[in-house]
Amino acid sequence: MEFKNYINGKWVSGRKTFQTINPANEELVADIAHAEVTDVDSAVDAAKKAFDSWRLVPAPIRGEMLFKVGDILKQKKEELSQLLTRDMGKVIAEARGDVQEAIDMAYFMGGEGRRLLGYTAPVEMMNKFGMAVRDPSGIVGLITPWNFPIAVPSWKIFPALVAGNTIIWKPSPETPAVSAAFVEVFELAGVPPGVFNLIMAPGADAGKALVEHPDVRVLSFTGSTSTGRSIAELAGKHNKKLSLEMGGKNAIIVMDDANIELVTDATLWAAFGTTGQRCTAASRLIVQKGIANKVKELLVERTKKLKLGDGLDPQIEIGPVINKVALDRIHSYVQLGQKEGARALTGAAIADVDGKGFFYAPTLFDGVKPGSTLEAEEIFGPVLSIIEVESLEEAIEVNNRSKYGLSTSIFTQDVNRAFTAMRDIFTGLVYINHGTTGAEIQFPFGGVRGTGNGHREAGQAALEVFTEWKSIYVDYSGKLQRAQIDNREE
Ligand code: UN1
C-alpha cells in the first residue's frame, strides 16, 4: 500500500518512497511518496492559484464544506482511528478521541463561516463610516507533530480554510498514512484543487523549503522547542507571521485537602495517557507534604497494574512510544535522573511486550530536586516526577519557574485556594480538580514562556493567526474632510 502527496487536487508519487511502521509491532503500515523541494514549489504554486478563487467563495459556503468534512469524518471515524493507532501507537479509545476532536473542530469552524466577525465603531467625522473586517492571510504552511496526527492539524486546517486561505500541510513523517487518509476526506467533501495540499517527507529539506518560500505568508507549527526555534529564525528573516506551539512541563498541584481518589485517577490519566506523549501531559506532581505519602502509595499501586501493549486491543491502557529514538531518549533521561539522585518508585525500564515494539514502563520518580533534569526538561514519555512542597505559595512558585507554561492543574476543595491558584498560576491552561489534559476546542489553546510565541490555537482565537485585519473608511461627505486630528480647534 502506498500513500501519495496531494498537490493541486492530484495524488502524486515521488521518485523515492519512505516507510511508516507500527510502533507496537514494528510492522510496515505503508510506503509513502517522498516529496522533494520541487513538490513544495508546485504545491505553493497551486495554493497561490487557488487562493484567487477560494478567497471569493462566500465564507458561509466555505463553512458548509467544512460541515461536509465533519460528516464524512463521522462516517469514517472507526477506519481512521484504527489507521491512526497503527501509524503512531496510541490506544484505540484515544485514537477515536483524536478523530473526534477534528469532527468537533470541523463543525465549530464551519459555524465561523457565518460569523468571522469584524466590527464597526463610531467615527469622529460627519458623513463617514468605519469598519474592520477580516481578510484571509493568503497561503499558509502548516507543520504538525505525530502525537495528535488528526486533532492538532485540524486546529490549523479548519480555521485556515474557513477564513479563505489556501494550505500546504507538512505532517510529521512518523504519521503519514493517517495524514493522507485525512486529506482524502477533504477531497471527498469537494474542497477544490489547490486549496489544500499535502507534502510528506522525512528530514528537513521539504519543511525548510516551505518555511522559506516567499509566497507563504503564515506558518503554524506544533512540535519540539528546538525545531520551533529554528523555524522562528528562518521565519523572522523572511518577515512571516508565525504561530508556535512547543514544549510543556505541566504540573498537577495537590493540596492536603484534595480528594485523593480523584487525584490518583486524574494523575494516572494525565501522566500516562497517550504514553505521556501529549504536550499537555502531566510530568510533575507538586504535592503538599501532609498528603504526599498516601498519594505516592496509591499511584505506585495503580501504575504497576497498567496494561501495556498494542493499542488496537481495547484492554490495553498504555501503547508504545513513537519510535526507537524516543524510547532511548526517555530511558537516558531516566538514567540521568537516577544519577542526579532521584529515586524511581516504579518503572524506569524499557518494557518487553512479546519482544516487539517500543514500550516504556510507566515511571514514577520521588525526591526530584529543584533545577534537576527531571524537574526541568520535557521528556515526552511516561515519566512523572514527584516534588514535595510545604504550601500553596511554594507549589505555585515551583510551577511557575518552569521554562514552559502550557497546562497546570490544582486539586483542592478550598475555594479560596482554587481562586488564588487561578490568579497566580502562569500557564495558558489552568484546571481545577481535573488533570492537565483535556482542553476543549472552543477555547483558546496555547502557552506562555517557552511553550509558545503569544498566539493561540482553537476557539475564535485561532482566527487571529489566519486572518489579517483590514480597516475600511468610507467618506460620503463629497468634500475634503482631512484627518480628524487636523480639524480640532482646541
Ligand atoms: C497535544 O498534546 O498536542 O488537551 C494536544 C488535550 C487534547 C489535545 C492535546 N485535547 O489533552
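The questions below go through domains, aromatic rings, a helix and sheets.

Author: This is a predicted model, where local features need pLDDT of at least 70, side-chain atom pairs count only at pLDDT 80 or more, and totals for chains, interfaces and linings use all residues. Residues are numbered from 1 along each chain as its sequence is written, and side-chain values use heavy atoms, with hydrogens and water left out.

Reader: How far apart do the C-alpha centres of domain 1 and domain 2 lie?
Author: The domain assignment, which is automatic or from a database, gives domain 1 (2-246 + 452-472) and domain 2 (250-432). Their contact (heavy atoms within 4.5 Å) takes 22 residues from domain 1 and 26 residues from domain 2. The C-alpha centres of the two domains lie apart by 31 Å.

Reader: Why is the pair of Tyr-6 and Trp-11 given the class it has?
Author: Rings of Phe, Tyr and Trp (its six-membered ring) pair if their centres lie within 6.5 Å; planes under 30 degrees apart are stacked, over 60 edge-to-face, and the rest tilted. The search of the whole structure finds 10 aromatic pairs. In this one the centres are 4.5 Å apart and the planes are at 40°, so Tyr-6 and Trp-11 are tilted.

Reader: Is Trp-11 buried, exposed or partly exposed?
Author: Buried means under 20% relative accessible area, exposed over 50%, and partly exposed in between (1.4 Å probe, protein chains only). Tyr-6 has 5% and is buried. Trp-11 has 28%, so it counts as partly exposed.

Reader: Which class does the pair of Phe-182 and Phe-186 fall in?
Author: Both residues lie in helix H6 (residues 176-188), four residues apart, about one turn of the helix. Helices (H or I, at least four residues) and strands (E, at least two) are DSSP runs, numbered from the N terminus. Phe-182 is buried at 0%, and Phe-186 is buried at 1%. The ring centres are 5.2 Å apart and the planes are at 80°, so the pair is edge-to-face.

Reader: Which residue lies over the face of Phe-148?
Author: A charge sits over a ring if NZ of Lys or CZ of Arg is within 6 Å of the ring centre and within 35 degrees of the ring normal. Here the distance from the ring centre is 3.6 Å, and the residue is Lys-90.

Reader: What is the distance between the end C-alpha atoms of helix H10?
Author: The expected span is 1.5 Å times one less than the number of residues. Helix H10 (residues 289-305) has 17 residues, so it should span 24 Å; the model agrees, with end C-alpha atoms apart by 25 Å.

Reader: Which strands do the buried residues of H10 pack against?
Author: Among these buried residues are Ile-291, Val-295 and Leu-299. They pack against helix H9 (260-272) as well as strands. The strands are E13 (250-254), E14 (282-288), E15 (343-346), E18 (363-366) and E19 (383-389).

Reader: In E19, which residue is the bridge partner of Leu-285?
Author: Two strands pair if DSSP finds at least two bridges between them. E14 and E19 pair in the parallel sense over five bridges. Six of the seven residues of E19 are buried. The partner of Leu-285 is Ile-386.

Reader: Which strands stand at the edges of the open sheet of three strands?
Author: The order is E6-E7-E24, with antiparallel pairing. Each edge strand has a single partner strand, so one side of each is left without a neighbour in the sheet; the edges are E6 (119-120) and E24 (467-475).
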